[in-house]
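Hi,

Here's the structure I said I'd pass on.

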Amino acid sequence: MSEDRRMEQFKIDLNPEAKVDKVIGIVSGKGGVGKSLVTSLVANSTAARGINTAIFDADITGPSIPKCYGLNSKATVEGETIIPVRTDNGIQVMSINLLLEDVTQPVIFRGPVIANTVRQFWTDVLWDDVGVMYVDMPPGTGDVPLTVFQSLPLDGIIVVASPQDLVNMVVEKAVNMATMMRIPILALVENMAYYECPDCGKKHKIYGDSHLAEVAAKHRATKDSPIIEIPIMPEIAKLCDEGRIYDYKNNLFDGLLDSIVD
Ligand SMILES: Nc1ncnc2c1ncn2[C@@H]1O[C@H](COP(=O)(O)OP(=O)(O)OP(=O)(O)O)[C@@H](O)[C@H]1O
Ligand SMILES: [Mg+2]
């Protein structure tokens, strides 16, 4: 069997009443580098263009999307179908926290149950005419990213890294995984790349110089991928705490969006 045929056999069917045009994964080599933040910001920019946008929160044990958007209502379940919840700026969201009664309880699921939950977010959710869906992944290259890569028809991924991350090469694992799964890398994001002084406007590279261009040049899959630098933005943590990330307008992803929505 050819490699492409072998990959195809793991794909699962979308809910027959749902419609999703493009699916883009947000991945990283390790945790806490800003995947969920990048997912929210790029989704906000997509929605601001008038495109029907969705966030598929594949982080089952550490979901953070509902809190940042201040989603308090639960997803409704009608028979076998789950209806996603909409953010204030109209983004459709599905996350395990929208199904749990008590979001402070840990999700004590074994790996196969977690993988199954991720599949159900694709097969059972009534995604309503989505133009672009962003899948916020858990960190690393483990079971869930593999399930998403194999089961969903991903059009591409965005790899997020912090400056320190680039030095110890964990980001290359994520890049190599996407290459092995034949998924295009649409952009490399260096998060917390610098801090811009509000008084003098000078950009301070708190974590040192970037090595992302070197890493990108080393891999065939990334040598032409755009590199997007995101500064340290102290106001972001506050907006997330207050559940108002939908208020954050940005043009960081304009170039990338032009290529995604052509
Ligand atoms: N550029 C930034 N400026 C300021 N704060 C940031 C920035 N990027 C991320 N943060 C903050 O750092 C924390 C971690 O970010 P985030 O949750 O997006 O990471 P993650 O990669 O999704 O983590 P996990 O692997 O746990 O899912 C959050 O509190 C977030 O608000
Ligand atoms: Mg996250």
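Below is what I found, starting with how to read it.

This is a predicted model, so local features need pLDDT of at least 70 and side-chain atom pairs count only at pLDDT 80 or more, while totals for chains, interfaces and linings use all residues. Residues are numbered from 1 along each chain as its sequence is written, chains are lettered from A and ligands numbered from 1 in the order in which they are written, and side-chain values use heavy atoms, with hydrogens and water left out.

Strand S1 first. Seven of its nine residues are buried, so S1 is largely enclosed by the rest of the structure; buried means under 20% relative accessible area, with a 1.4 Å probe and protein chains only. S1 pairs in the parallel sense with S7 (residues 130-136) over six bridges, where pairing takes at least two DSSP bridges between the strands. Val-23 sits opposite Met-133 of S7. S1 also runs parallel to S8 (residues 156-161), joined by five bridges, and there Gly-25 has Ile-157 as its bridge partner.

Met-133 turns up again in the largest nonpolar core, which has 80 residues: Phe-56, Trp-127, Met-133 and Phe-149 touch the most other members. Helix H2 (residues 35-48) gives the most to this core, six residues. A core here is a set of buried Ala, Val, Leu, Ile, Met, Phe, Trp, Tyr and Cys residues joined through side-chain atoms within 4.5 Å. Beyond four places in sequence, the contacts of Met-133 (heavy atoms within 4.5 Å) include Val-20, Ile-24, Phe-56 and Trp-127.

Leaving aside neighbours within four places, Thr-39 is in contact with Ile-26, Ile-55, Ile-65, Tyr-134 and Asp-136. Its C-alpha atom lies 9.7 Å from that of Ile-24, 15 residues away along the chain.

On to a helix pair: H4 (residues 111-123) and H5 (residues 143-151) pack at about 40°, with axes 10 Å apart. Axes are lines fitted to C-alpha atoms over the stretch in contact, and angles run from 0 to 180 degrees between N-to-C directions. Among the residues making the contact are Ile-114 and Val-118 of H4 and Val-144 and Val-148 of H5.

Cheers

Notes
Buried means under 20% relative accessible area, exposed over 50%, partly exposed in between (1.4 Å probe, protein chains only). Helices (H or I, at least four residues) and strands (E, at least two) are DSSP runs, numbered from the N terminus.
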